[in-house]
Amino acid sequence: MKRILLVLGAACLVTTAQASDLVLRAGIHNVDPKSDNNPVVHVDSNATLSLAGDYFLTPNLALDVLGALPFKHDIRLNGTGENVASTKHLPPTISLQYHFAPKAKFDPYLSAGLNYTMFFDKQTRGALAGTKLSLDNSFGVAFQAGGDIALGNDWVLGIDLRWMNIKTEAKVNGASIGDVKIDPLVYGISIGRRLSL
């Protein structure tokens with residue numbers, strides 16, 4: 001974790017004459033939590049509008065910032081599948097990307113970074129109706145693999161897959177039911193425009 005922070009910090013300080021491109025993106029991303037979240041409950045997947053910006057520090061290195069409209073997840077009991085709660089979350093993520101062929105027709109890239117997930121608007125129903133659900137915010141690493149397909153006139157079609165380390169302690173009326181290890185795969189598609197600054 002400390003090494004990732006140092007790399008991201010160093011990248012922010014890099015200045016070169018070629019650091020002049022910015023790619024702005026809008027798309028759809030789906031957050032698909034791992035199946036065995038918790039012994040008691042599991043979390044459903046959800047997709048929503050995503051926004052991202054890639055600032056190129058060098059021709060190959062870019063600082064990526066990912067944001068989105070809130071994701072909403074249903075929380076179900078294991079075994080019965082009963083919907084007993086829901087929550088919304090925002091997962092802002094900052095990463096350092098390495099682009100292998102930034103000027104080619106297809107530009108694959110890899111990234112590593114940090115994710116901070118904020119849970120809010122928690123609601124209970126069914127077997128948990130009338131109880132108070134609390135979920136701690138989460139801070140962890142994030143990894144990405146993706147690629148851009150050049151469409152011409154500085155437009156790109158992007159596809160990517162991320163893995164995020166998201167874990168939260170769930171409490172019902174103040175009593176812990178354990179950690180919920182969401183650790184989702186986040187996959188999506190976007191349209192982007194490259195701008196020269």
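This is a predicted model: local features need pLDDT of at least 70, side-chain atom pairs count only at pLDDT 80 or more; totals for chains, interfaces and linings use all residues.
User: Which residue in strand 13 stands opposite Lys171?
Analyst: Ser176 stands opposite Lys171. The two strands involved are strand 12 and strand 13 (residues 175-181), which pair in the antiparallel sense over 6 bridges. Strands (E, at least two residues) and helices (H or I, at least four) are DSSP runs numbered from the N terminus, and two strands pair if DSSP finds at least two bridges between them.

User: What sits between strand 12 and strand 13?
Analyst: The two strands form a hairpin with 2 residues between them. Asn173 lies in that loop, and its phi is near 55°, a positive value in a residue other than glycine.

User: Is Asn173 buried or exposed?
Analyst: Asn173 is exposed, with a relative accessible area of 53%. Buried means under 20% relative accessible area, exposed means over 50%, and partly exposed lies in between (1.4 Å probe, protein chains only).

User: Where is Asp183, and what about its phi?
Analyst: Asp183 is in the loop between strand 13 and strand 14 (185-196). Asp183 has a positive phi of about 35° although it is not a glycine. Asp183 is buried, with a relative accessible area of 15%.

User: Back to strand 12. Which residues are on its covered face?
Analyst: Strand 12 (residues 167-172) has Thr168, Ala170 and Val172 on the covered face. Lys167, Glu169 and Lys171 are on the uncovered one.

User: Which residue stands opposite Val172?
Analyst: Leu133 stands opposite Val172 in strand 12. Strand 9 (residues 133-135) is joined to strand 12 by 3 bridges, and these strands run antiparallel.

User: What does Leu133 touch?
Analyst: Leaving aside residues up to four places away in sequence, Leu133 touches Ile75, Ala85, Lys122, Thr124, Lys171 and Val172. A contact means heavy atoms within 4.5 Å.

User: How many residues are in the largest nonpolar core?
Analyst: That core has 21 residues, and those with the most contacts inside it are Leu133, Met164 and Val180. The elements that give two or more residues to this core are strand 2 (41-43), strand 5 (71-77), strand 6 (83-90), strand 9 and strand 12. A nonpolar core is a set of buried Ala, Val, Leu, Ile, Met, Phe, Trp, Tyr and Cys residues joined through side-chain atoms within 4.5 Å.

User: Which side chains of strand 11 are buried?
Analyst: Along strand 11 (residues 155-164) the side chains alternate, and Val156, Gly158, Asp160, Arg162 and Met164 point to one face and are buried.

User: Which strands pair with strand 11?
Analyst: Strand 10 (residues 138-152) pairs with strand 11 in the antiparallel sense over 10 bridges, and Gly147 has Ile159 as its bridge partner. Strand 14 is joined to strand 11 by 9 bridges, also running antiparallel, and there Ile191 is the bridge partner of Leu157.

User: How many helices and strands does the protein have?
Analyst: The protein has 1 helix and 14 strands. Of its 197 residues, 41% count as buried.

Notes:
Residues are numbered from 1 along each chain as its sequence is written. Side-chain values use heavy atoms; hydrogens and water are left out.
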